[in-house]
Number of protein chains: 2
Amino acid sequence: MTAPVIVLVRPQLGENIGKAARAMLNFGLVDLRLVSPRDGWPNPAAGPAASGADMVLEQAAVFDSVAAATADCAHVFATTVRRRGLIKPVMTPEAAAAAMRAEAGRSAILFGPERSGLETEDVAVARTILTVPINPEFGSLNLAQAVVIVAYEWSRGAALAQPSAIPLDPPAPQAELDGLYDHLEGLLEPEGYFEPIDRAHVTKRNLRSVLTKPGWSSNEVRTMRGVLTCLSGRRQRRSNASSS
Amino acid sequence: MTAPVIVLVRPQLGENIGKAARAMLNFGLVDLRLVSPRDGWPNPAAGPAASGADMVLEQAAVFDSVAAATADCAHVFATTVRRRGLIKPVMTPEAAAAAMRAEAGRSAILFGPERSGLETEDVAVARTILTVPINPEFGSLNLAQAVVIVAYEWSRGAALAQPSAIPLDPPAPQAELDGLYDHLEGLLEPEGYFEPIDRAHVTKRNLRSVLTKPGWSSNEVRTMRGVLTCLSGRRQRRSNASSS
């Protein structure tokens, strides 16, 4: 499983080259190739936009043709939204990433200039067209954002950096939940909360299910017990005060 | 299946707000909300960066708090890469998009300021943490690129989305949950529950998390409000009695 090469064909703005490098490194891609960058290379605007992905920029190789930039690649994908007369398979980023992982050999993904996108001649050298499914009424996808989606799809399928979820506390044992419910019921009963009495069993069932729904942990049940104790504590003091 | 709301919390650069709007419209999202944008709103730098997604910017609503921005939302996702002490489920963009499609009610996705990301207080109001799986050695993801990945995942799945069984009772809008929390806090404050005062913000955050976890419906929130009213009502009578 060889990580794909990102090839920016005739990129116009150094800032976008830097942002593309940042997007690549975000998702573990480091092989950046530039075909005839408009403002030459290196480009002083690229570094700041890379926000720390300098390593990708420093390793970036410059070529004078798509053919030269992809000479060592077994699979070339051309990223384009525009439909052309070319008869080639069209893949989503997800399908293309799966293909890159499945196939032997290095893959290259071509991205065109900001303004115009890839020329038909550039697309012609690719075996596959990669199209990001996009809002048909608003198809202008920023270069770095096209790169980030393709890089994201690659890493999503690779083993890179799954988010390590904080293990959730298990729900408290039923006995603790019962304790919370009984505590609350004991406070509500003298208030007439469960009247009328012929409806009491339904009211209690509903209240119980409201307290059951959260799946509160032992800590959370303790917190709620503390809340009830706090509320009832003052009442106790009050009633003592009033009866004294 | 309601399209999610994108909430930029204290965004710093107008350019990034514009790029986020463009990323949203690329994938069919139009509801942009801004919480206390650093440079005010409208921001002259946003329009050019939106590259034609002006409609999203023109419709963008500005709020002075995350609570206000998510008041009508049943599901709040906090986008963050940093680990926190908060015990909440963590989802990938793919899993979060699937959850948004499966659940009834509007979803909101919070994105933090460029430099620092969301504060723990912002994350505390969310039921779920959304984390983009990213290169652990290079975790700085540009704001607009985080937005484009989440929007892309939404539209990617929306294309495949099957009409799913609609939960009968979606979680109550955040505003109703806030009302319940404020009600309880108002009862606990005079009891000294939040002392010592220097710990009060942590105590309040934890209590808020406990009340956020259930995903209580409007009916269930009403039930809990009734419980609190019942408990406080008698206290009121008591205090009247004792003071008469």
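Let's say two residues are in contact when they have heavy atoms within 4.5 Å of each other. By that rule, 69 residues of chain A are in contact with 69 residues of chain B. Before going further, note that this is a predicted model, where local features need pLDDT of at least 70 and side-chain atom pairs count only at pLDDT 80 or more, while totals for chains, interfaces and linings use all residues. Residues are numbered from 1 along each chain as its sequence is written, chains are lettered from A and ligands numbered from 1 in the order in which they are written, and side-chain values use heavy atoms, with hydrogens and water left out.

Start with chain A on its own. Take the contacts in chain A between residues at least 6 apart in sequence, and 83% of them join residues at least 24 apart.

Now for the sheet. The seven strands of chain A form an open sheet, with parallel pairing, in the order β3-β2-β1-β6-β4-β7-β5; two strands pair if DSSP finds at least two bridges between them. At the edges sit β3 (61-63) and β5 (90-91) of chain A, each pairing on one side only. Look next at β1 (residues 5-9) and β2 (residues 32-35) of chain A, which run parallel and are joined by four bridges. Within that pair, A:I6 stands opposite A:L32 in β2(A). Helix α7 (residues 143-157) of chain A packs on the sheet, touching β1, β6 (107-111) and β7 (128-130) of chain A, and its direction makes about 155° with that of β6(A). Those axes are lines fitted to C-alpha atoms, for helices over the stretch in contact, and the angles run from 0 to 180 degrees between N-to-C directions.

In a regular strand the side chains alternate between the two faces of the sheet. On β2(A) both faces are covered, with A:L32 and A:L34 buried on one side and A:R33 and A:V35 buried on the other.

Over in chain B, an open sheet of seven strands also has parallel pairing and the order β3-β2-β1-β6-β4-β7-β5. Here β3 (61-63) and β5 (90-91) of chain B stand at the edges with a single partner strand each, so one side of each has no neighbour in the sheet. Helix α1 (residues 14-26) of chain B packs on this sheet, touching β1 (5-9) and β2 (32-35) of chain B, at about 155° to the direction of β2(B).

Strand β4 (residues 75-79) of chain B is worth a stop. Five of its five residues are buried, so β4(B) is largely enclosed by the rest of the structure. B:H75, B:F77 and B:T79 cover one face, and B:V76 and B:A78 the other. Four bridges join β4(B) in parallel to strand β6 (residues 107-111) of chain B, where the bridge partner of B:F77 is B:I109. β4(B) also pairs in the parallel sense with strand β7 (residues 128-130) of chain B, over three bridges, and there B:A78 stands opposite B:I129.

Back to where the chains meet. The area buried between chain A and chain B is about 5800 Å², of which carbon and sulfur atoms give 62%; that is the accessible area (1.4 Å probe) the two parts lose on being put together, summed over both. Six salt bridges cross the interface, each being a side-chain nitrogen of Lys or Arg within 4 Å of a carboxyl oxygen of Asp or Glu. One of them links the side chains of B:R156 and A:E94 (2.6 Å, N to O). On the chain A side, the elements giving two or more residues are α1 (14-26), α5 (93-102), α7, α8 (174-188), α9 (200-212) and α10 (218-243), and α10(A) gives the most, with 14 residues.

Finally, zoom in on B:E153, found in helix α7 (residues 143-160) of chain B. At 2% relative accessibility, B:E153 counts as buried. Beyond its neighbours within four places in sequence, B:E153 is in contact with A:Y152, A:R156, B:P93, B:E94, B:A97 and B:R101. The C-alpha atoms of B:E153 and B:E94 are separated by 5.7 Å, although these residues are 59 apart along the chain.

How values were computed:
Buried means under 20% relative accessible area, exposed over 50%, partly exposed in between (1.4 Å probe, protein chains only).
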